[in-house]
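Here are a few exercises to work through with the model open beside you. Try each task before reading its solution.

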Amino acid sequence: MTTSWHMFILIVLCGIVTLIIRVVPFLMISRIQLSETVIKWLSFIPITLFTALILDGIIEQQEGVAGYTLNIPFVLVTIPTVFVALFTRSLTTTILVGIVLIAGLRFFF
């Protein structure tokens, strides 16, 4: 598969725009003194994001079926991953364990 220069430039520009969107807010916020209330509110964002992502993976709605069902492979992976998170208190370790467990489950079953 060949890539034209136009496609290469488009990929590079998309990367630059993505980098700007992710870096500029951090640079702007680092120069501003935030109030204690804002800092406390921001501390809850990671918890809520991870909860939403986990629940989105565990609970699923199938087409043509009323209600929701559990995604059993995700439930089986979530349980040991939560124990690893509680034991290690490391986000990186928790994410790696979850990825390895779901990859292993999908590979063998």
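This is a predicted model: local features need pLDDT of at least 70, side-chain atom pairs count only at pLDDT 80 or more; totals for chains, interfaces and linings use all residues.

Residues are numbered from 1 along each chain as its sequence is written, and side-chain values use heavy atoms, with hydrogens and water left out.

**Exercise 1.** Compare the span of helix H1 with its expected span, and find where H1 has a kink.

Solution. The expected span is 1.5 Å times one less than the number of residues. Finally, look at Val23, where there is a kink of about 25°, shortly before Pro25. The bend is the angle between axes fitted to the seven residues ending at a position and the seven starting there.

**Exercise 2.** Find the aromatic pairs and describe their geometry.

Solution. Rings of Phe, Tyr and Trp (its six-membered ring) pair if their centres lie within 6.5 Å; planes under 30 degrees apart are stacked, over 60 edge-to-face, and the rest tilted. The count comes to 2 aromatic pairs. One of them is Trp5 with Phe8, edge-to-face at 5.6 Å centre to centre and 90° between the planes. Both residues lie in H1, 3 residues apart, about one turn of the helix. Phe107 and Phe108 are also edge-to-face, at 5.0 Å and 80°.

**Exercise 3.** Is Asn71 buried or exposed, and which residues does it contact?

Solution. First place Asn71: it sits in the loop between strand E2 (69-70) and helix H4 (72-88). Asn71 has 14% relative accessibility, so it counts as buried (buried is under 20% relative accessible area, exposed over 50%, partly exposed in between, with a 1.4 Å probe and protein chains only). Leaving aside neighbours within four places in sequence, Asn71 contacts Gly57, Ile58 and Glu60, with contact meaning heavy atoms within 4.5 Å.

**Exercise 4.** How are the domains assigned, and how far apart are their centres?

Solution. Domain 1 is 1-32, and domain 2 is 36-60 + 70-108; such bounds come from an automatic or database assignment. Over C-alpha atoms, the two centres are 28 Å apart.

Notes:
Helices (H or I, at least four residues) and strands (E, at least two) are DSSP runs, numbered from the N terminus.
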